[in-house]
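This briefing is meant for a reader who is meeting the structure for the first time. Please look over the sequence and the model, and then read the notes below alongside them.

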Amino acid sequence: MDAHTSLTQFLSPYPEYVQQLAMELRTYLTVHEPLANELIWDNYNALAIAYSKSDKLKDAFCHIAVYAKHVNLGFNRGAELTPNALPLQGKGKLIRHITLKSFEDLPSKEVYDYLDQAILLSDTLNPKLSNIIKSPESMVMSISEKKIRPS
């Protein structure tokens, strides 16, 4: 799936290494699950990109959150995933994440395990969605007027 035409613009205020990391993670996720929509929010405090078997955030299994000095790879129901050698961060009710400053820091085997679990969980919770996407889309969900961005 091609990225939405606005994604490059949304990433442009961030340092080059953060932009590159976000795009590498995007490729990593879209290759791992090619039948998921990409939902983009250019929010107040971060650029958020979720991957969902529908056009709704509630159905997303993972997301990328882009910040000034790092990128989080998050699992929307991470608290329900079976832990492996990679500890997930976060203390909220559901969401867990790992923080990355470089794509080389990504522990592929452990992340693939979490991704497989997250996708299976999403498919189990939403069985009607598991096979409906034939042509995934990258879509902008909202753009905040005010933003905190690197300067």
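Which pattern does the protein chain follow when it is read along the sequence? In this predicted model, the protein chain follows the pattern α-α-β-β-β-β-β-α-β, and there are three helices and six strands in it.

**Overall dimensions**

- The protein chain has 151 residues and a radius of gyration of 15 Å, which agrees with the value near 15 Å that a compact globule of that length would have.
- Along its principal axes, the C-alpha trace of the protein chain spans about 40 × 35 × 25 Å.

- The six strands of an open sheet are arranged in the order 5-4-3-2-1-6, and their pairing is mixed.
- Strand 5 (96-100) and strand 6 (138-143) stand at the edges with a single partner strand each, so one side of each is left without a neighbour in the sheet.
- On average, and with direction ignored, neighbouring strands of this sheet are turned by 20° against each other.
- Strand 1 (residues 37-42) pairs with strand 6 in the parallel sense, over five bridges, and Glu38 stands opposite Ser138 in strand 6.

**Helices lying across the sheet**

- Helix 2 (residues 16-32) lies across strand 1, strand 2, strand 3, strand 4 (71-75) and strand 5, and runs at about 165° to strand 3.
- Helix 3 (residues 108-125) lies across strand 3, strand 4 and strand 5, and runs at about 45° to strand 4.

**The largest pocket**

- The volume of the largest pocket is about 170 Å³, and its lining is made up of Trp41, Asn43, Ala48, Ile49, Ala50, Leu57, His63, Ala65, Asn76 and Ile95.
- Two or more residues of this lining are given by each of strand 2 (47-52) and strand 3 (60-66), and the largest share, three residues, comes from strand 2.
- By residue type, the lining of the largest pocket divides into seven nonpolar residues, three polar residues and no charged ones.

Key
Residues numbered from 1 in each chain as written. Predicted model: local features only at pLDDT ≥ 70, side-chain atom pairs only at ≥ 80, totals over all residues. Heavy atoms only, no water. 1 Å grid on protein atoms, 1.4 Å probe; cavity = no way out; pocket = protein on both sides within 12 Å on 5 of 7 lines; lining within 4 Å. Points joined across faces, edges and corners; volume = space filled by probe spheres on them. Helix = DSSP H or I, 4+ residues; strand = E, 2+ residues; numbered from the N terminus. Nonpolar A, V, L, I, M, F, W, Y, C, P; charged D, E, K, R; others polar. Pairing = 2+ DSSP bridges. Axes fitted to C-alpha atoms, helices over the stretch in contact; angles between N-to-C directions. Contact = heavy atoms within 4.5 Å. Rg over C-alpha atoms; globule rule 2.2 N^0.38 Å.
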